[in-house]
Amino acid sequence: MATTIQQPPKIEPERLPSHGNGGWRNLVPAGGDLRRVKNYSPPPASTGIWVGLAAITMTFAAFTSALIVRQGAALDWRHITLPPVLYLNSLVIVASGFTLEIARRRIAACMGGWHEHTESPARWLYITLFLGLLFVAGQTFAWVQLKSQGFGLATNVSYSFFYVLTVAHALHVLGGLGGLVRAIGKLNHSVLRRSTLDATSRYWHFMGVLWLYLLLLLWMKL
């Protein structure tokens, strides 16, 4: 009687875990080739940034509405001379948007393998991070300057709106700085997704546009 020898099951190599970085297929190998960075991200990751930006927009729209209504009803409204550093800060955050865009384009070029030998693609991300920290430092200097002149949060309702708007924006900028640090860390380990970098860029550019809007609002209404 003939015996039937069964073939052992075949294991697909692509489904084996990678011991180099503890992941599964499509992850960058332990060697860290930047050109193999993922280009795809699940829909929640790519659309979540728009949900966040919409929420921030509604928040500052509510602040704007409250400021306009309160100014129209106030008899004790005092006009504020904005600290000059705020205008310098506007140049800083606009410049950071340009450096971030340079970083995004150069990283995309490395992902596509267009440049084999170039400077570290994280260089411009570090510059953007530095400019962002400089912006927050400038905002802090403006608060300290007003406080030293005797204009605190409770001095007048107009100063209250100034601090609320600028501090709320600075807190959101800190969130953007956290996103930049995360992107730099992933880039240095060659596991940065293009969608992650794009989402970080959208958020940062939004913070720049939002600040220009707030500065115009403060200049016109305060």
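**Exercise 1. Which residues does alanine 103 touch, not counting residues up to four places away in sequence?**

Solution. 
- Note the basis: this is a predicted model.
- Alanine 103 sits in helix 2.
- The relative accessibility of alanine 103 is 0%, so it counts as buried.
- List the contacts. With residues up to four places away left out, alanine 103 touches Trp124 and Leu125.
- Alanine 103 and proline 121 are 6.5 Å apart in space, C-alpha to C-alpha. In sequence, 18 residues separate alanine 103 and proline 121.

**Exercise 2. How many salt bridges does a search of the whole structure find? Work through each pair.**

Solution. 
- Start with the total. The search of the whole structure gives three salt bridges.
- Take glutamate 101 with arginine 104. Their closest N and O atoms are 2.5 Å apart.
- Take arginine 105 with glutamate 101. Here the closest N and O atoms are 3.6 Å apart.
- Take aspartate 198 with arginine 104. The closest N and O atoms of this pair are 3.6 Å apart.
- Apply the cut-off. A salt bridge needs the nitrogen within 4 Å of the carboxyl oxygen.
- Join the pairs. Glu101, Arg104, Arg105 and Asp198 form a linked network of salt bridges.

**Exercise 3. Where do aspartate 198 and arginine 104 lie, and how many residues apart in sequence are the parts that the pair ties together?**

Solution. 
- Recall the bridge. Aspartate 198 forms a salt bridge with arginine 104.
- Assign the helices. Aspartate 198 belongs to helix 5 (residues 194–221), while arginine 104 belongs to helix 2, so their pairing ties together parts 94 residues apart in sequence.
- Compare with the pairs inside helix 2. Glutamate 101 and arginine 104 are three residues apart in helix 2 (residues 85–111), so about one helical turn separates them.
- Arginine 105 and glutamate 101 are also both in helix 2. They are four residues apart, about one turn of the helix.

**Exercise 4. Sort aspartate 198, arginine 104 and arginine 105 by exposure.**

Solution. 
- Aspartate 198 has a relative accessible area of 18%. The limit for buried is under 20%, so an area below that limit qualifies. Aspartate 198 is therefore buried.
- Arginine 104 has 25% relative accessibility, so it counts as partly exposed.
- Arginine 105 has a relative accessible area of 56%, so it is exposed.

Note on methods:
Residues are numbered from 1 along each chain as its sequence is written. This is a predicted model: local features need pLDDT of at least 70, side-chain atom pairs count only at pLDDT 80 or more; totals for chains, interfaces and linings use all residues. Side-chain values use heavy atoms; hydrogens and water are left out. A salt bridge is a side-chain nitrogen of Lys or Arg within 4 Å of a carboxyl oxygen of Asp or Glu. Helices (H or I, at least four residues) and strands (E, at least two) are DSSP runs, numbered from the N terminus. Buried means under 20% relative accessible area, exposed over 50%, partly exposed in between (1.4 Å probe, protein chains only). Contact means heavy atoms within 4.5 Å.
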